[in-house]
Amino acid sequence: MNRFIRGRRFAGIATAILFAAAPMTARAQDFINVLTGGTSGVYYPLGVALSKIYGEKIPGTRPTVQATKASVENLQLLQQGKGEIAFTLGDSLDAAWKGDEEAGFKTPLKKLRGITAIYPNYVQIVAAKDSGIKTLADLKGKRLSVGAPKSGTELNARAILAAAGLSYKDLGKIEYLPFAESVELMKNRQLDATLQSAGLGVASLRDLATSVEITVVEVPAAVVDKAGPPFVKVAIPANTYTGQTAAVPTAAVVNYLVTHEGMKEETVYQMTKAIYDSLPDLGAAHAAARSIKLENALDGMPLPLHPGAARYFKEKGLKVGS
């Protein structure tokens, strides 16, 4: 009988320990909120894919995806600890780290930490063919959407137009709209053109090109040179969009994935590793991700790497700054 009671007591203690440990396990789960962009852009489908990858490859995590206004909002949310990983354009990231008020950052966002460079965003200026817009100069007096206010796209628009000798005052009308809304206005003949900074084959422009005849407007090399870093000269390959039969020169800016200093080293290490272990999955989610390469992971990184990301890249033989 005594042995039975002792056994009952031992079982009870063991059960109590298990129940006590259960809340600790739940608390120990790492929430990974992936900050993306509008649902019709490239960030969002890649964020959804990344969330799925993290859920499958990093035990004890609870990934979620948040649609946002993209780069500037993402960086502000990270600084506030309201996200764990975010997509951003390189020029927005540089402005956030330095505290460029004109770009939307009243103070330097010094809690941000880099994870990796990913793919280039192409500055894609697409006009309705019947607008008569064929060059940047033709935008004078026309109706143009430049993206959400102070988004990465809108910062790109300001820089490219300025390098071409244009300002918003030269245009007939400026709309500050996300990609999908810009396209809807163009379909309804309420806009002449849209400037979208995104990966090649962005869904919004594919949709537009199958609905109306378009002209993809060149950003000449001289304009890219005048805009200067972080812009680089690239070309939108022929047939990227319906009706675009020739390659079109333009500018590009590298995109990055970033986090904040409060994230645990091991978690960020696993997040970084999962990205590079899953490149085919990301490429399947959107063609833009097919240009993500390990050897380019640190290209142009304008802020310190998170220690977890630095550890992964050192293991892979990349030269990581101190």
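These exercises treat the salt bridges and the nonpolar core of a predicted model.

Local features need pLDDT of at least 70 and side-chain atom pairs count only at pLDDT 80 or more, while totals for chains, interfaces and linings use all residues. Residues are numbered from 1 along each chain as its sequence is written, and side-chain values use heavy atoms, with hydrogens and water left out.

**Exercise 1.** Find how many salt bridges the whole structure holds, and locate the partners of the bridge between Arg158 and Glu102.

Solution. Step 1: apply the criterion, a side-chain nitrogen of Lys or Arg within 4 Å of a carboxyl oxygen of Asp or Glu. The search returns 15 salt bridges.
Step 1: check the pair. The closest N and O atoms of Arg158 and Glu102 are 3.7 Å apart.
Step 2: Arg158 belongs to helix 5 (residues 152-163), and Glu102 to the loop between helix 4 (90-98) and strand 4 (112-128); the two are 56 residues apart and link distant parts of the chain. Helices (H or I, at least four residues) and strands (E, at least two) are DSSP runs, numbered from the N terminus.
Step 3: classify exposure, where buried means under 20% relative accessible area, exposed over 50%, and partly exposed in between (1.4 Å probe, protein chains only). Arg158, at 24%, is partly exposed; Glu102, at 59%, is exposed.

**Exercise 2.** Describe the bridge between Lys273 and Asp277 by distance and by separation along helix 9.

Solution. Step 1: the N to O distance is 2.7 Å.
Step 1: Lys273 and Asp277 are four residues apart in helix 9 (residues 265-277), so about one helical turn separates them.
Step 2: Lys273 has a relative accessible area of 30% and is partly exposed, as is Asp277 at 38%.

**Exercise 3.** Which residues touch the most other members of the largest nonpolar core, and which residues does Leu50 touch?

Solution. Step 1: define the core as a set of buried Ala, Val, Leu, Ile, Met, Phe, Trp, Tyr and Cys residues joined through side-chain atoms within 4.5 Å.
Step 1: the largest core has 101 residues, and Leu50, Tyr54, Ile85 and Phe313 touch the most other members. Strand 4 gives the most to this core, 11 residues.
Step 2: list the contacts (heavy atoms within 4.5 Å). Leaving aside residues up to four places away in sequence, Leu50 touches Val34, Ile85, Phe87, Leu257, Ile275 and Leu282.
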